[in-house]
Amino acid sequence: MIEYASAELDSVFHALADPTRRALLFGLREGERSVGELAAPYPISLAAVSKHLGVLAEANLISRTRHGRQVRCRLEPDALAAASAWIEHYREFWTARLETLDQLLNQERKSDGR
């Protein structure tokens, strides 16, 4: 069953709402990276990147581990499961609605002799 109102789903969508956080996730697609490596392409402070990473970690989209002074981050793709299920439900809903609309329009055209 799909949960429509859950703190988990809210935190995932909140985390994904920011383009910098989405870009940071994209930066982790090929594997674990340090905070410094993730921050390098952005014209924002390391502290700002760390805050963004904190939001991603709170949403369980990433995990962070400390190796001495270095913090490493990696994707946790399972956290997207609830959001993916929610989106899929609505994709199916709207696909069905648009197919019904298309059928109605085709019937209308045929009855008008087009």
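Y90 has a relative accessible area of 31%, so this residue is partly exposed; the class lies between buried, under 20% relative accessible area, and exposed, over 50%, with a 1.4 Å probe and protein chains only. The model is a predicted one, in which local features need pLDDT of at least 70, side-chain atom pairs count only at pLDDT 80 or more, and totals for chains, interfaces and linings use all residues. Residues are numbered from 1 along each chain as its sequence is written, and side-chain values use heavy atoms, with hydrogens and water left out.

The structure holds two aromatic pairs. Rings of Phe, Tyr and Trp (its six-membered ring) are paired if their centres lie within 6.5 Å; planes under 30 degrees apart are stacked, those over 60 are edge-to-face, and the rest are tilted. F13 and W86 form an edge-to-face pair because their ring planes stand at 65°, with the centres 5.4 Å apart. This pair links distant parts of the chain, since F13 belongs to helix α1 and W86 to helix α5 (residues 81-111), 73 residues apart. F13 is partly exposed, at 29% relative accessibility, and W86 is partly exposed at 27%. W86 also pairs with Y90 in a tilted arrangement, 4.9 Å centre to centre and with 50° between the planes. W86 and Y90 are four residues apart in helix α5, so about one helical turn separates them.

Helix α4 comes next. Helices (H or I, at least four residues) and strands (E, at least two) are DSSP runs, numbered from the N terminus. Helix α4 comprises residues 46-58. Its buried residues are V49, H52, L53, G54, V55, L56 and A57. Among the elements that cover them are α1 (7-16), α2 (19-27), α3 (35-39), β2 (62-67) and β3 (70-75). After α4 comes N60, with a positive phi near 60°.

Strand β2 contains S63, which counts as buried because its relative accessibility is 18%. Leaving aside neighbours within four places in sequence, S63 is in contact (heavy atoms within 4.5 Å) with R72, C73, R74 and E76. The side chains of S63 and E76 make a polar contact at 2.6 Å.

Key:
Expected span 1.5 Å × (residues − 1). Polar contact = N/O pair within 3.5 Å; in protein donor to acceptor, adjacent residues only side chain to side chain.
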